[in-house]
Structures are given as C-alpha cells and as structure tokens.
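Reader: Could you walk me through the surface patches, pockets and cavities of a protein model? Please keep it short.

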Amino acid sequence: MGVTESRRLDRHTIREQAPLILVGVFGALLLVDLLFRLAGVEIALTANRSFGGSLSAQRFGGMLWNGIVIGLIIGLAGIGLSMTYSILSFANFSHGDLLTSGAFAGWAASYVVAGFGVVSVGELLFVRAGGGAPFADEIGASIVQAPLSILVGMVVAAGVTILLALAIDRIVYKPMRGRGGISLLIASIGVALALRYIIQFMFGASNRGVVDTTDVRVDIAGLSVNLHEVTLVVAAVALMLGMHFMLQRTKLGKAMRAMADNQDLALVTGIPTERIVQATWVIGGGLAGVAGYLVVLDRGTIGFNLGWFLLLLIFAAVILGGIGSIYGAIAGGLLIGITYSVSLVWIPSDFNEAAAFALMILVLLLRPEGIFSGVSTA
Amino acid sequence: MATEQAAEERDADSLNTDTELLEVRNLDAGYGDLQILTAVDLDVTAGEYVTIVGPNGAGKSTVMKSVFGLTTYMGGSVVFNDEKIHGFKPDEIIHKGIGYVPQNDNVFGTLTVRENLEMGAYILDEVPEDRIELQFDRFPVLRERQNQKAGTMSGGQRQMVAMARALMLDPDLLLLDEPSAGLAPDLVQEMFDRIDRINNDGTAILMVEQNAKEALRRCDRGYVLAQGENRYMDTGRALLDNEDVRQQFLGG
C-alpha cells in the first residue's frame, strides 16, 4: 500500500510538473533560436521554415531598449492601479482614462509654454484639436527645443490628474465606500466612459502628432539615442525610486502599506484611513498623469482613447506581478514591455500584444498569485 | 509635556484605586440592525484588571468593541475619564487613552516589528523612540526581531507585537480580546504573566477570555455575560467560588 501510494504521488508530481517542463523547453528553444539568430547561424528545417537566422545585435538591442521604455511606462501606470486595488480594494477601470487626462492636460500646458506668443493660447490649449496648425515643429514641442515646456507639461499632467482623481473619489467612490469591489468596479467603468467622452468632446476625436522630433536623436558613445526616450526613462526611474523611498521610509508610506495589509486593523490602530485613501489617489493619480504624458512623448501622437487601449496591458502587468504589490507592478510592466517588443523577433507586429497576454496567462498558470504577491504589499 | 502630565495623572489615579475610569451604563449595541447587547453595565476603575467571561455568543467581544466605537450604538452611555465617548470613532477613542488588541489578524504581517510599533503611535507627530524602547524592554524578543516581518513570527510573538503596538500611546485602559486564543498551553501562562506585568505598571485591563478559570484567578473583578446581558459581577475569586457560576459557565 505504501508503495502504490508513493508511486501515485510520483505520477502526480510529474503531472504537476509537466506544464513547467513544457514551458522550460519552449523557453530554451526560443533562447537557443535567439542566440543562433544573433550569431547568424541558420539551419533549414523545411522549405520555408528554419531554425535560427540573422538578427543584428544592434537591432536586438534596439528591441530590448524599446521594451524597457514601454515597460517602464506600463510599470509607472501600474503602480497607481495596484495601489488603488490594495488600499481601496477595487479594480479601477478608469485608470487608463486618468492617463489620457494627464496626457491632454500636460500637453496643453507644454504647448502653451512652448508656443506662447507664436500662436494664440486658445489654439494651443486644445493641442491641435482640429488636426491642423500649430504643427509640433512650428512651436518646437520637444526636449531639445523647449525643455522647460516638457518639464512644465509633466508637472501639470500630474497636478491635473491628481485633482481629477480626488474629485472623482469625492463624488463617485467615497459615497460607495464599503459597498464592495464589484459595485466600485462597475462604477469605475462608468467613470472611464464619462472621462473618455468628455476628453473627446473637448479635444476632438482625431489621433494626431503633437511631439516635435527634430534633432532628438543624438549619438552618445557611438549609440544613437532618442532624447525623448532618455527623458522618459530618467523620469520613470526617478519616480519609481521615489515611490520606493516613500513606502519604506516615510510615515505615510508605512501607513499605506499597513492599510493595504489590513484595513480593519489600521482603523483600530488609529491610522486616519480616509486621509490615507486620499494620499493614495494623489500618488496613484499623479503617477498615472505623468505616465500618460510620457506615453505621448515616446509615441509622438495623442488621442482620446490612448489610455483605454493601454489599460489592458497595465492590468496584465499588475496581475502578472502580483496585484497589490508596487514592485510587482514594476517587474510585471518590464516583463510585459520586453515581451511586447522582443516577440517581434518571431512574430509579426500585429500579434505582439497577444504575446504579452500569452506570457501573462503562462505565468499565472504556473504561479496564480503573481510574481511578487505576498512579498511586499502596496 | 502633555504626555508627562498624563503619566503623572495616571500615577495619581493608580494610588486611589476607586477612581472611575470606564463607566458603561445601560448600553444597547449591535451590528447594523442586529442588537446584541441589552442594558449592559460595566465599570473599570483606574489600574484595575477586569475580565468578561461567558459562553460563546454572549456578546463579550461586542462589549469591548462597543467601548472602542466599532459597533452600532443603540442606547445607554459609555463614559471614559468623565467624558462621554459613545458614538466616537476608534481614532478619536485612541486619543482619549484606550488601546485595543483585536483577537485575530492583530499585526500588520507585511510590516516589520518596528514598523508595527510605529503605526501604533501614528497619531503622534514624531516617532517616539523612547516608547519603542519601553516596549522592547517589556518584550525583549521584539528588540531582537525588530526588523523581521511580523507575519513570519510565531503566534505568541505576534501577540506580543499586537500588545506592544496597542501600548505605544501609553493608554489608561487596554482592551484585550481573547489574548490566549490559538496559543500553545505553555505560552498561555506566559501571556497571562505578561498581562499581569502590564497591569502592575499601572495600565487598567479589560479582557475577554475563553480560558475563563485562569482569567478569573488573575483578575481583580469579573463579569459574567450571557445572551448580551449582565448575569454576575464580583471579584474573580468570588465568581470562581460561586456554585451557580461554576455550574452554568465554568463547566463545573
């Protein structure tokens, strides 16, 4: 009896390990294939299928860098989503549209600063709503031509989104506090729709270029770098480090972690929970606004549904990283971003978003609680 | 300055053991529309050690939660240090000088021991290092493990973290909800010893305890509650000697 039991146990563990082994083999194949490609080795398998191929290290490096850039944006936006999830206990579907709000507010400010005196303020404020003048290069909306305008844009993006998030909380979520996650989630979908169409009404429906890219590519030590991407990386990393410091060292940050950990206990410990909720909106909203602004800086175009389309990737990153953990959101964002970009080695660009979601599903099958869950909340 | 004054006042209080600290009169309370307590009376004088015992569902924990503002107030009065506190919120009640240790999930598991204590003093502007040191003197094992995540500690140590956190503001009254729940038998005695020491340092204790005999042996006075109403009140020793109480509530 003992023998059959242990054998059954063996078979059971093998069956449990099978998906892991499969994933490992698949990952190893991809890695070998990638190394072959980088080395320029190609082994023909059938008439039009082959293993390996050629991929220049420079092109691969570019993909990786691009992935990190996208990943940092997703991670930055994900921090806010993860925090509102863990502290307010609901999945905020209007988070993507907070990004959009920040993007428009920030770029309107950038346009006013960069184009003041060139074009009338009224036209600048609506960020090329008609799709016509002023063109981005006319007013020089770039980090090279008008660094101050970019800085002001980022600050305004954060500020307006914070005010918006606090106002929405006061009007919509606060009266519903304690009603449970599902009610709040559905309310947040309503908020998302309202925000998106208010933005469309104000700024128009067209997707248009708003960033001047003249001279933003410079050679540094033989590498061609995009200064806008550098701006993005510096801003995102600085904000993430700031978040880490805030959560680990400050009283407010510790109280946020305490509240994410156990709200009932936070209440009986004397932590002013309502004030912590507001601080959560300030930080989550601010980061979302900056992320929205930076997305536009990276892509060069702005449109009223940019945040809504990003939201799925942000959710994927947050869930992948372990919902509730800001470190998980950052790690998940980078993983999703890099997968999104590097998967182009094997699949056409129409499918790379699918690759990112496939990775998420895979990780969740193997580790349902996400990468960082339970390690460090908030 | 203010805290020194409070400490002096408390010292003065503890000399005169008849000083009324907590006075619950005719209290009706419950959760939402559901009434649990009916006309409950309860007193704690300064520095006193009071226990509430009774069968499951008697409303013992509800009394404590009602004092701390965690239930729906339905009538009667709760007076603490000559001030009405019924209808107050927990964070206001903490300001008045009451600390509360819930029964379950009473530490922030993802925070370190030190951070747990810091949270206990959140309402103060500065992190009071001397108060943290005081708790470390009281519970030396916490000093050794101050940077460990509270969630990774044993049940007994977690209970110490929870008590230390509730003591951070040097409360006049400490509410303990089943402090021995889930502890191994040898740890239970240690836990009661620790509570004795906290009480000897001048903090009044109001405790709900399933381990009724031991609790009554240790306390100054006990209340027996059943179905949300007062049944008996006497010194712990007298309740243990009371034949009716023994038969009905202490299992013979």
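Predicted model: local features only at pLDDT ≥ 70, side-chain atom pairs only at ≥ 80, totals over all residues.

Reader: Which element gives the largest share of the nonpolar patch?

Author: The patch covers about 730 Å² and is made by F116(A), V121(A), L125(A), F126(A), I198(A), F201(A) and M202(A). (Patch residues have over 30% relative accessible area and no salt bridge; nonpolar side chains, meaning Val, Leu, Ile, Met, Phe, Trp and Tyr, are joined within 5 Å, like charges within 9 Å. A salt bridge is a side-chain nitrogen of Lys or Arg within 4 Å of a carboxyl oxygen of Asp or Glu.) Two elements of chain A give two or more residues, α4 (121-125) and α7 (181-203). The largest share, three residues, comes from α7(A).

Reader: Is V121(A) buried, partly exposed or exposed, and why?

Author: V121(A) sits in helix α4 of chain A. (Helices are DSSP runs of H or I with at least four residues, strands are E runs of at least two, and both are numbered from the N terminus.) Buried means under 20% relative accessible area, exposed over 50%, and partly exposed in between, with a 1.4 Å probe and protein chains only. Because its relative accessibility is 35%, V121(A) counts as partly exposed.

Reader: Which element gives the largest share of the lining of the largest pocket?

Author: The largest pocket has a volume of about 810 Å³. (On a 1 Å grid over the protein atoms alone, a pocket is an open set of points with protein on both sides within 12 Å along at least five of seven lines; a cavity is a set where a 1.4 Å probe fits but cannot get out; lining residues have an atom within 4 Å of a point.) Its lining has 34 residues, with Q263(A), D264(A), L265(A), L267(A) and T273(A) nearest the centre. The largest share, five residues, comes from α10(A).

Reader: How many residues lining the second largest pocket are nonpolar?

Author: This pocket has a volume of about 680 Å³. Among its 19 lining residues, F26(A), L30(A), T339(A), W346(A) and L359(A) are the closest to the centre. α1(A) gives the largest share, eight residues. The lining has one charged residue, three polar ones, and nonpolar ones numbering 15.

Reader: What is the volume of the largest cavity?

Author: The structure holds two cavities of 30 Å³ or more. The largest cavity is lined by 13 residues, including I94(B), G99(B) and G120(B). β6(B) gives the largest share of that lining, three residues. The volume of the largest cavity is about 120 Å³.

Reader: What is the phi of A39(B)?

Author: Most residues other than glycine have a negative phi. A39(B) lies in strand β2 (residues 34-45) of chain B. A39(B) is partly exposed, at 32% relative accessible area. A39(B) is not a glycine, yet its phi is positive, at about 50 degrees.

Reader: Is D105(B) buried or exposed?

Author: D105(B) lies in the loop between β6 and α4 (113-120) of chain B. D105(B) is not a glycine, but has a positive phi of about 45 degrees. Because its relative accessible area is 60%, D105(B) is exposed.

Conventions
Residues numbered from 1 in each chain as written. Chains lettered and ligands numbered in written order. Heavy atoms only, no water. Areas by Shrake-Rupley, 256 points an atom, 1.4 Å probe, with all protein chains shown as cover. Points joined across faces, edges and corners; volume = space filled by probe spheres on them. Nonpolar A, V, L, I, M, F, W, Y, C, P; charged D, E, K, R; others polar.
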